Amino acid sequence: MKILKNLLSVFSAIIIFSCQPSVESAPEIDLTTYKLNLETAQKLFATFSSEDIDSQKPLLCPGLTHYSPFYGSEPSNVDGFLAASKAWMDNFDEITYTDSKWFPGTDQSGKPDGSVMTMGKWTAKNTMTGNVINIGAFHTFIFNKKNQIHETRDFFDASGVMAAAMKTE
């Protein structure tokens, strides 16, 4: 009887463990392109914070399309992007991007495609009023084969930023 009990226990264990699904390792994800493009996006933000418009130019594709955060605005080209950057720099000092998180963008299947997304907080001091603005933002970047920014989109309350910057009490 003891042998039968042991045999039944072993047989039950074999059945239970053989019914477990096999564990497959996750496929290797290549983030090489993302890492190169991440460097470019972070350089762009660093040059924006240091108000160095000339250092932004080589990071941008000549065919750049920029989608501004201003409601109703039309997409702009590289010259429009640089003009907008200069306008922000002329109107704000002490520009910082903090609490940032950076993510790889993906194609429709969920596979990293080399694009970059970031969310964080912009802080700056208005040059006319001295008002300090703090705004949460989300940005996306798509790159060309030379790791230059080909498309960028900014998402934040730009009109609210302007209202806060110009507010007088």
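Modeller: Glu94 is exposed, with a relative accessible area of 57%. This is a predicted model, where local features need pLDDT of at least 70, side-chain atom pairs count only at pLDDT 80 or more, and totals for chains, interfaces and linings use all residues. Residues are numbered from 1 along each chain as its sequence is written, and side-chain values use heavy atoms, without hydrogens and water.

Colleague: Why is Glu94 called exposed?

Modeller: Exposed means over 50% relative accessible area, buried under 20%, partly exposed in between (1.4 Å probe, protein chains only). Glu94 has 57%, so Glu94 is exposed.

Colleague: What makes Asn147 partly exposed?

Modeller: Its relative accessibility is 22%.

Colleague: What is the phi of Glu94?

Modeller: About 55°, a positive value, although Glu94 is not a glycine. Asn147 is not a glycine either, and its phi is positive, near 65°.

Colleague: Where does Glu94 lie?

Modeller: In strand β2, residues 92-106. Strands are DSSP runs of E, at least two residues; helices are runs of H or I, at least four; both are numbered from the N terminus. Asn147 is in the loop between β4 (132-143) and β5 (149-155).

Colleague: How many residues of each class line the largest pocket?

Modeller: 19 nonpolar, seven polar and one charged. Nonpolar covers Ala, Val, Leu, Ile, Met, Phe, Trp, Tyr, Cys and Pro; charged covers Asp, Glu, Lys and Arg; the others, Gly among them, are polar.
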